[in-house]
Amino acid sequence: GMFALARCCRTHQRGVKSYGTTTEKEPKLFKVPIKNTKEVATVMGIFNSKRDFVKTIALWEAMKAHSVSPNKQNIFCAMKAYTSLKKFSKAEELFQFARSHQISSIPIYNTAINLLLYKTSKPDQVETLFNELLSLGLKPNTTTYNLLLDSYNKLGQFEKAVSVFSDMTKGSTKADVMTFGVMIDVFGRAGNLQHAESLFKSLSSHEIEPTGFTYKAMFGAYVNSGDYAKAEAIFRDMTSKGIGPDASMCQQLVTLYNTDIPDDMVKAEKLFYQMKKNEVKPNVETRFAMIQIFTKLGKRLVAQQLFEELKEQGWVQGEQIENMRILSKRINSQKIQESE
């Protein structure tokens, strides 16, 4: 009863030492002393790094079965595993267990805040947890501040975000690429394009390489401000550096190109096929816009194929069918007038 046995994945490198084994090509078992919480935490960390979350949970359950009092790292690893397996209520239960037993750490609170913000859609509760960890004497790290900033961003509380960002930059906590991405988005959504641009341009001075996230934030700021030329320019800059756009960015551009101007519609068509080439799945809004564009370009068969795909997937309702009928009728009417 003192040991929990868990089968482990084969190592990807020959002769790599695995925990609890000698140097072997294919170690078969981990032998973990369950009452040694420090060793259990080490193995949990190994399993989580391999994304073998089921085994992490198995160790956690073994600890419970043997009435072993967990340490901070045990709880953090188990919370992370439950969250990754989308067992959010279990992760939340673990956090409440930690609270009730006065077990606290920044990784535990960061995981709990991440759960509120991105998994259970409760950004309004993030500030409470942030203040709670401060009251426990815990020092927020960059990840903690980023989560708080993004909660304010999602709630539209831009002034609070700016205030926290200001305090963060004046203190010892270093802003990272995620911090800048969130704040570029904050300024863009608040209509302060100048500050958003200034932050984006300052990335190099902070020795930070822009990522897809920061590009997307700057792109969104330009779209929100109506500066579509700059939105296109930043999109080109992003793709020229080998950073692929996501489906929502492509949708915004396709929507902008959904005009009656032939050049715009051709741009949309090229972007649509580029998405397919890069294996970026167009969302429903993009496909509806492309149906309209293909119809206006006279490419009825392609438009019809896209339309049928959406019907099969249950996205097409009576209103969309009627809109397409009206659009086709308008295109046909224009062609008759042009021929006369």
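# A walk through a predicted helical model

Thr-37 lies in helix H1, which covers residues 37–49. This is a predicted model, in which local features need pLDDT of at least 70, side-chain atom pairs count only at pLDDT 80 or more, and totals for chains, interfaces and linings use all residues. Residues are numbered from 1 along each chain as its sequence is written, and side-chain values use heavy atoms, with hydrogens and water left out. Helices (H or I, at least four residues) and strands (E, at least two) are DSSP runs, numbered from the N terminus.

Thr-37 has a relative accessibility of 18% and therefore counts as buried; the term means under 20% relative accessible area, while exposed means over 50% and partly exposed lies in between (1.4 Å probe, protein chains only). What is Thr-37 in contact with, leaving aside its neighbours within four places in sequence? The residues are Met-63, Val-68, Ser-69, Pro-70, Asn-71 and Asn-74, where contact means heavy atoms within 4.5 Å.

The whole chain can be described next. The protein chain has 17 helices and two strands. Of its 340 residues, 43% count as buried. Among contacts between residues at least 6 apart in sequence, 57% join residues at least 24 apart. The accessible surface of the protein chain is about 18,900 Å², and carbon and sulfur atoms account for 51% of that area. These areas come from the Shrake-Rupley method with a 1.4 Å probe; for residues, only the protein chains shown count as cover.

Lys-86 is exposed, with a relative accessible area of 66%. With a relative accessible area of 75%, Gln-102 is exposed.

Charged pairs are the next topic. Side chains of opposite charge can pair when their charged atoms come close. A salt bridge is a side-chain nitrogen of Lys or Arg within 4 Å of a carboxyl oxygen of Asp or Glu, and by this rule the count comes to 10 salt bridges. One of them joins the side chains of Lys-55 and Asp-52, at 3.1 Å from N to O. Lys-55 is buried, with a relative accessible area of 16%, and Asp-52 counts as buried at 14% relative accessibility.

Another salt bridge joins Glu-127 and Lys-160 through their side chains, at 3.3 Å from N to O. This pair links distant parts of the chain, with Glu-127 in helix H6 (residues 126–135) and Lys-160 in helix H8 (residues 158–170), 33 residues apart. Glu-127 is partly exposed at 28% relative accessibility, and Lys-160 is partly exposed with a relative accessible area of 37%.

In a further salt bridge, the side chains of Lys-296 and Asp-260 meet at 3.6 Å, N to O. Here too the pair links distant parts of the chain: Lys-296 is in helix H15, and Asp-260 is in the loop between helix H13 (247–257) and helix H14 (262–277), 36 residues apart. Are the two partners buried or exposed? Lys-296 counts as buried at 18% relative accessibility, whereas Asp-260 is exposed, with a relative accessible area of 52%.

H15 spans residues 284–296, which makes 13 residues, and reaches 19 Å from its first C-alpha to its last, close to the 18 Å expected at 1.5 Å a residue. The expected span is 1.5 Å times one less than the number of residues. Because 11 of its 13 residues are buried, H15 is largely enclosed by the rest of the structure. Among the buried residues are Val-284, Phe-288, Met-290, Ile-291 and Phe-294. Just after H15, Gly-298 takes a positive phi of about 85 degrees.

Rolling a probe the size of a water molecule over the atoms shows where empty space is left. On a 1 Å grid over the protein atoms alone, a pocket is an open set of points where a 1.4 Å probe fits, with protein on both sides within 12 Å along at least five of seven lines; lining residues have an atom within 4 Å of a point. The largest pocket has a volume of about 280 Å³. Of the 15 residues that line this pocket, the closest to its centre are Phe-235, Arg-236, Thr-239, Leu-253 and Leu-271. Helix H12 (228–240), H13 and H14 are the elements that give two or more residues to the lining. H14 gives the most, with five residues.

Key: Grid points are joined across faces, edges and corners, and a volume is the space filled by probe spheres set on the points.
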